[in-house]
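Here are my notes on this model. Please keep the structure open while reading them.

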Amino acid sequence: MREAGRIAAEARRLAGQLVKPGVVTSQIDKRVREFIVAQSGIPAFLNYRGYPASICVSVNEEVIHGIPSGRKLIDGDIVSIDVGVIKDGYIGDCAATFIAVGASQAANRLIEVTRACFYEGLKFAKVGYRVSDISRAIQTHAEVNGYSVVRDFVGHGVGAAMHEPPEVPNYVERPRKRADPRLVSGMTLAVEPMVNAGTYEVRVQDDGWTVVTMDGKPSAHYENTILITDGEPEILTVCEVP
Ligand code: CO
């Protein structure tokens, strides 16, 4: 999983470098796919439940699962990129939000708070805490900053399959319907705050994939695959390239 995570994180970095005005989102998909294959990995998203690309590119009010297309990025676009890699049967899953030049201060702040939400959650990614302790930390950090967290999509266990138990919501469910296990050493989780500038409500577009905010306000996403240990959590989607 470290190796899968490294490739996924390097692919995320490459994708981020390609986010520039004038770049077509399907070009980013192609370049990332070629990188993953050159690293002897397999794009985990391609053909997953019929998904037609190797990455997700979600622009502005698109939250997640945006399908790469002929869309050209323009100045100020907020671009969330999600990448999954299979290596030797194990999966690394990660995402981050990038800006094509000229983004507003508001966009920068949304992206920074979303990343910080992940690190707030990570503080509770330790033996003895429960999944909901991660969820609460993420939700609190988003909401004290005036944002909302998406409820209809959640983080997840990850390993030999992309989606394994437990679900890792970015909010505290009341009343609780999901399992809320205690964290144990050896668990591998995809922790992925999806943070909206406005309402937490989202809908899926007619393409069957693209998730957008109901109010059309922007959204950001940040995700890493992590390992629960007896000490500090280890981030597996780490990029070794400077
Ligand atoms: Co994920």
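1. Which angles do the 4 donor atoms around the cobalt ion subtend, and what does that make the arrangement? They subtend 83 to 165 degrees, so the arrangement is irregular. (Four donors are tetrahedral if all angles lie between 85 and 135 degrees; four are square planar and six octahedral if opposite donors are over 155 degrees apart and all others between 65 and 115; anything else is irregular.)

2. A word on the basis. The model is predicted: local features need pLDDT of at least 70, side-chain atom pairs count only at pLDDT 80 or more, and totals for chains, interfaces and linings use all residues. Residues are numbered from 1 along each chain as its sequence is written, and side-chain values use heavy atoms, without hydrogens and water.

3. The cobalt ion has Asp93 (OD), His156 (NE2), Glu192 (OE) and Glu223 (OE) as protein donors, 2.2 to 2.3 Å away. Donors are N, O and S atoms within 2.8 Å of the metal (3.2 Å for Na, K and Ca); water is not among the atoms, so sites may look incomplete. Their spacing along the chain is D-x62-H-x35-E-x30-E.

4. His156 is buried, at 5% relative accessible area. Glu223 is buried too, at 0%. (Buried means under 20% relative accessible area, exposed over 50%, partly exposed in between; 1.4 Å probe, protein chains only.)

5. An open antiparallel sheet has 5 strands in the order 8-7-9-14-15. Strands are DSSP runs of E, at least two residues, numbered from the N terminus; two pair if DSSP finds at least two bridges between them. Strand 7 joins strand 9 (residues 188-191) through 2 bridges. His156 stands opposite Ala190 in strand 9.

Note on methods. Helix = DSSP H or I, 4+ residues; strand = E, 2+ residues; numbered from the N terminus.
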